Amino acid sequence: MFYNPYELLKIQNYEWVKTNFHTHAGICIKGDCGELPMNEVIEAYKKAKYGALAISNHNKYIPQENEYSGINILDAVEYSKHPHMLQIGVRDYEDISHQDAIDHTVDKGGFVILCHPNWINKGYWDWDKLGQLDKYTGIEILNPVIYTLKGSGLALDTWDYLLSKGKKVFGFGNDDFHQWRDLERSYNVIYAKSNSFQDIKEAVQKGCFYVSDGVALSDFAFDGKTVTVKAGLFVETYVEEYEYKFIGLNGIELYKCQGKSASFDIDINEPYVRIEATAEHGAKMYLQPLFNCRYFPRF
């Protein structure tokens with residue numbers, strides 16, 4: 001039996017919430033992370049049709065003082081003792097170990113995303129350490145700001161490694177916003193009851209979201225054996241065909257095709273299957289995996 005993270009799609013009155021969990025703003029010190037005014041950054045994300053935004057400065061919580069209609073500002077801190085983590089849903093930072101910080105966040109009702117696994121060098125997040133840590137929700141599989149620094153902003157290798165080791169880990173895409181050039185380069189599209197923190201957290205912990213830098217999910221179905229997916233764009237277009245890849249154990253490509261949609265029959269012995277879709281201009285969508293419950297008993 002496979003766990004389908006998109007079961008919530010059967011609920012008709014939920015909504016897609018465009019979300020960034022990694023945003024630096026509001027410190028307002030030239031040259032520091034978060035040098036841009038918080039209200040200007042929030043308004044820019046609101047204009048870009050985000051429904052939720054986490055302000056996550058390094059080792060520091062900065063409250064926002066204004067009310068913003070249509071966008072929910074989430075509490076967060078970026079734990080910045082190397083390697084970095086996002087503590088979503090907390091208002092404090094403590095200089096403690098990574099596992100203690102994860103435990104603290106979970107105890108406070110939040111969740112943790114591990115940041116840019118391939119920043120500086122491949123394995124910024126050591127794979128052995130990733131395997132030893134527990135209770136984090138996921139990792140950033142896409143962080144475009146790293147391409148302006150050093151290393152790689154893509155971490156599909158780390159994701160497939162963890163999944164292949166039987167770790168229940170979801171993939172996230174975040175801007176890691178510092179400057180205006182970073183806005184809306186990668187985002188999480190979450191199917192939730194509302195844009196409240198609790199509803200977003202519920203959907204995230206079920207895995208009912210996908211990562212995108214321009215491609216949208218138009219349709220998804222899974223009957224226990226065959227998975228069918230259809231991609232689209234967030235703007236009107238006559239383009240209907242996309243490239244689809246179905247990825248399995250150790251990042252092996254199980255099937256690839258071009259078309260208006262794609263279907264694939266999953267082998268009952270496959271530990272997991274995740275799907276990527278690519279548009280003609282190179283934009284992508286990364287879906288959360290279908291998990292084989294024999295290999296992932298925590299479902």
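**Pockets, core and backbone**

Strands β2 (15-23) and β10 (187-192) each supply at least two residues of the lining of the second largest pocket, where helices (H or I, at least four residues) and strands (E, at least two) are DSSP runs numbered from the N terminus. The model is predicted, so that local features need pLDDT of at least 70 and side-chain atom pairs count only at pLDDT 80 or more, while totals for chains, interfaces and linings use all residues. Residues are numbered from 1 along each chain as its sequence is written, and side-chain values use heavy atoms, with hydrogens and water left out.

**Second largest pocket**

- The space in the second largest pocket comes to about 260 Å³; a pocket is an open set of points on a 1 Å grid over the protein atoms alone, where a 1.4 Å probe fits, with protein on both sides within 12 Å along at least five of seven lines, and lining residues have an atom within 4 Å of a point.
- Volume here is the space filled by probe spheres set on the points, with grid points joined across faces, edges and corners.
- Strand β2 gives the largest share of this lining, four residues, and the lining as a whole includes Glu15, Trp16, Val17, Lys18, Glu184, Tyr187, Val189 and Phe234.
- By class, the lining of the second largest pocket divides into seven nonpolar, one polar and four charged residues, with Ala, Val, Leu, Ile, Met, Phe, Trp, Tyr, Cys and Pro counted as nonpolar, Asp, Glu, Lys and Arg as charged, and the others, Gly among them, as polar.
- Glu184, one of the lining residues, is found in the loop between β9 (170-173) and β10, and has a positive phi of about 60° although it is not a glycine.
- With a relative accessible area of 34%, Glu184 is partly exposed, a class that lies between buried (under 20%) and exposed (over 50%), computed with a 1.4 Å probe on protein chains only.

**Largest pocket and core**

- The largest pocket holds about 330 Å³ of space, and of its 17 lining residues the closest to its centre are Lys135, Tyr136, Thr137, Lys168 and Arg298.
- The lining of the largest pocket has eight nonpolar, four polar and five charged residues.
- Lys135 sits in the loop between α3 and β8, where its phi is near 75°, a positive value in a residue other than glycine, and its relative accessible area of 37% makes it partly exposed.
- Tyr136 is, with Phe21, Phe220 and Val229, among the residues with the most contacts inside the largest nonpolar core, which has 95 residues; such a core is a set of buried Ala, Val, Leu, Ile, Met, Phe, Trp, Tyr and Cys residues joined through side-chain atoms within 4.5 Å.

**A buried asparagine**

- Asn143, in the loop between β8 (138-142) and α4 (156-164), counts as buried at 0% relative accessibility.
- The side chains of Asn143 and Asp176 are joined by a polar contact of 3.3 Å, meaning a pair of N or O atoms within 3.5 Å, of which, within protein, one must be able to donate a hydrogen and the other to accept it, while residues adjacent in sequence count only if both atoms are side-chain atoms.

**Other backbone features**

- A cis peptide bond with omega of about -10° joins His82 and Pro83, and Pro83 lies in the loop between β5 and β6.
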